[in-house]
Every structure is written in C-alpha cells, then in structure tokens.
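Please look over the sequence and the fold shown below before reading on. This report is meant for someone meeting the structure here for the first time.

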Amino acid sequence: MIRRSLAFAVAFALAPSLASAEDLMQTYELARAGDPQYSAAESSRLATREGAVQARAAMLPQIGGSASLTRSWRDSEGGVAFGGEVVPNSDTSTESDTREYGLRLDQMIYDHSRLTQLKSQKSLSLASDYQLVAEGNNLITRTSAAYFNVLIQLETLAAAQAAEEAAEKNFDYASKRLEVGLAPITDVHEARAQYESARAVTITTRNSVEDAYQALAEITGQPVRNLKALPVDFQPELPSSLGVEDWVQAALGSNPALQAKQYQLESAEADVGTARAGHLPTLYLGGSYGKSHSESTQTNNLPPRDITDFENDSRSRSIGITLNVPIFAGGGTQSGVRQALARRDVIQDELVQQRRALERNARNAYQTLVAGISEVEARRQALVAAQSAFDASQVGLEVGTRTVLDVLQNQRTLFTAQQEYAVARYNYLQNRLLLEQTAGTLDVAHVQEVNRLLTVDAEAQLNR
C-alpha cells in the first residue's frame, strides 16, 4: 500500500506532464536562457554602456546639413487719386522660388564638463559589467535554491506518505485490540487522531511539492521534472583547504557587487567634477557654409502688359571661435556642486556598509558551511536512532511492552528526523555555492562540481 500511495502522490505532484530527466546543470542552462530577471540585467548593462558612447559623441565634431525650398506669390496694386477718382497706376504679380543649402560644423575645443561626463559614464559602464556578473552568480544560487527545495519537498513527501501508512496501520491495530478487549477506547481515538493528522500533512506536502516545481519553472521558463538527487551514502566535506580569513580576503577583493559599487563611487566623483565645471569657461569652434539660389517672375498687368524675370545666386562662408565665460547663474552652479557632493557621500557610505556586510557574510558563510558538515552527520545519526526507536516500539507494541501512544510518538520523531536530514543535506550544497558567491569566485565549474554529486533519480527514490 505504501508503494501505491507514493505512486499516487508523485503522479499528483508531477501533473500535468512529465519531462525528461534534468540534473542541476541542465536546469541552470534552462534558467540562463529563460530567466527574465537575468535577461533584464543584460539589457540594463547594454543600456548603461551606451552612456559612454553618447558622452564620447558629444566631444566629436557635430556636423549638420539643411536644405529648404520656398515658393511665394505676391500681388500688388496701386493708384492715385485724381479729380475724386482713383486711377490705377500699378498692378503687378510676382512669383518666386528660393532654394537654400547649408552645412554647419561645431567642434569642442575645451569643455571640462564633457570630459568628466565621459569619465563618469565609463565608470558606470564598468560597474554595469560587474553588476551583470553579480546577477549571473545570483542566478546560479536562485536556481540551485529552487532545485534543492524541490528535492527537499519530494523527500518530505516520501516521509509523509510513510508516516501516513504507519499511522493507518497503528489505527487498524488499535481498533482490533479494542474489539477483543485488549486496548482502551482512548488508544483508538489517539491512533485515529494521529492518522488523520498524517493524512493532512501528506495533502499539504503534495501541494508544497507542486509549488516547489512551479517556483523552479518560474526561473527556467518551462517545466522541469525528474530531477537528480543525492545518494543515501553522501558524505559532505569542505570544498577547499582555505581558512575563513582567506575567504574574507577573497570576498573583499573579488566580489562583483562590491566592485560595481566602487565604480559607481568613481562615477559619482566624476559627477562632482561635472558640477564644478559650471564655473569654468568653454571654447568651441564653429563653421558654416551656405548656398542660395532664387528665381522670380514679375508680371505688370497694366497695358502694355510685360513680364520680367530675375535670378540670383549667393554663397556664404563663416568660421569662428566662441568663448563662453560663466559669470553669475543665480547660485544654481553652487547648488549643483553641493548636490553632487551629497550624492557621492551617499554612495561612499553605501560602499562602506556593503564592505562591512560582505566581510560578515563571508565569515558567516564559511562557518555555516563548516557547521553544516557536522550537522549532516548529526542529523543522520538522529535519523538512524529515530528509525531504530520506531522499529523497537513496533515490536514492543506487538509483545505488549509498548503502547500505541509510544509508537505514534516515535513515528512523529522519525518523520521530523527524515525531514531535517533532507534539509541539512541540501542546505550544505546550497551553502557551498553561497560561499563561492560571497567570495566572488562562483562560476559554472562549481555548478558542475555540485551536479556530479547528484546521481540518484529523485522520483525513482520515491517509488521504491
């Protein structure tokens, strides 16, 4: 009956469809291609990098051309008053076409604000590169966390199904003992309460399994099933011989998020220079070339009627240097400098805070990983003891030295031990990746290392 119950639970959890087996590496590759959060980070990096291109473009020659065609009509009538009457003496119509062409060149000779803006944008561009690296590392840990959560929930489901099956068996046993007068009614009520509680846990665990799968699909963009899990004989160990101080120094020197913040501070320093450049003069070179051609026809409508044509060509050339010297801007320039300084101080304080938090997180990540190795072994021993206690209480119940309540209590202890052992094992794997992420050394090679430890089909384990 345990096999049928577990098979039903797995089929329910894996609905609506089953996909081919996916290990952690394959799942990460799907996430790399389908995660919208990482895709948004890539687009943000591209957008930020264009800032440096635009800042450099403002320092290069600015060339513009213009062309226009104008057609106009004008009618003019005139007369003189003579003996109380107006005698017309002119009546002309003029039609003209004008074509104009122009070319304008402007080149910066000296503008300190342009130089500092380019420096600021270059720093932001480098910061965006490191931000993308940080987001890539975050994608690895987000994917692994969702992946391991599925495995934890699957093992919890197996434990819940086993607990439900054992509770049902104890309930049936207590009912039969009541029928022959060997057990009080209270034992039956206790056994039934435990059985119904175990059924409820199984139902909620099924939902947790499906939600864990959905959380993983949220990252990958498609359903991922038939995952690979840790074998029973897995033994955790430290990934390297580095000590805690080595990890701290690696984090302070290589963490991409910290490096991105440092470049943001450099950009803010350059922005202060841009604000102060408002006090400095600017010098620009300008030149233009223009050509104009016009044709017009004038018609005299009074007799004798005649038509006169006009045509004109002109060219213009100019070149000059423009010096702009700021004298007074109403205090706006000083205000801009103070604003830029305040923004720089904000980023500087954030950098200090981030560096302190990174040092603490590196120490904690290393200590958590070291403690996790001992925790896995302790949880394993607790599981072995809980299983032995449960088996012994089952035998004691049959020979009359243990009660149903003893068996139920040991069953609850066994279920908790199974769940905590699963959490400890996969937390260890996650903590390995988190330590590398904190140190700024996380890459695909570490995912492959963890992936090689996952050798057992998770659903096959449930179906045993």
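Predicted model: local features only at pLDDT ≥ 70, side-chain atom pairs only at ≥ 80, totals over all residues.

The protein has 464 residues, of which 39% are buried, and its secondary structure consists of 11 helices and 6 strands. Among contacts between residues at least 6 apart in sequence, 84% join residues that lie at least 24 apart.

The largest nonpolar core holds 63 residues, and those that touch the most other members are Tyr147, Phe148, Leu151, Leu227, Tyr426, Leu429 and Leu454. Two or more residues of this core come from each of the helices H2 (24-34), H3 (36-57), H4 (112-179), H5 (185-220), H8 (332-399), H9 (404-439) and H10 (444-453). Helix H4 gives the most to this core, contributing 15 residues.

Phe148 deserves a look of its own. When its neighbours within four places in sequence are left aside, Phe148 is in contact with Leu24, Tyr426, Leu429, Gln430, Val450 and Leu454. Of these partners, Tyr426, Leu429 and Leu454 are also listed with Phe148 among the core residues that touch the most other members.

| Helix pair | Angle | Axis distance | Handedness of crossing |
|---|---|---|---|
| H7 and H8 | about 165° | 9 Å | left-handed |
| H5 and H9 | roughly 20° | within 9 Å | left-handed |

Helix H7, which spans residues 256-276, packs against H8 at an angle of about 165°. Because angles over 145 degrees count as roughly antiparallel, H7 is roughly antiparallel to H8. The residues of the contact of H7 with H8 comprise 12 nonpolar, 6 polar and 7 charged ones.

For the other pair, the axes of H5 and H9 cross at roughly 20°, and therefore H5 is roughly parallel to H9. Which residues of H5 and H9 meet? On the H5 side they are Asp187, Glu190, Ala191, Gln194 and Val201, while on the H9 side they are Val404, Leu405, Leu408, Arg412 and Phe415. By residue type, the contact of H5 with H9 divides into 6 nonpolar, 1 polar and 3 charged residues.

Terms used:
Residues numbered from 1 in each chain as written. Heavy atoms only, no water. Core = buried A, V, L, I, M, F, W, Y, C linked by side-chain atoms within 4.5 Å. Buried < 20%, exposed > 50% of the residue type's maximum accessible area, 1.4 Å probe, protein only. Helix = DSSP H or I, 4+ residues; strand = E, 2+ residues; numbered from the N terminus. Contact = heavy atoms within 4.5 Å. Axes fitted to C-alpha atoms, helices over the stretch in contact; angles between N-to-C directions. Parallel < 35°, antiparallel > 145°, perpendicular 65-115°, else oblique. Left-handed = near helix turned anticlockwise from the far one by under 90°. Nonpolar A, V, L, I, M, F, W, Y, C, P; charged D, E, K, R; others polar.
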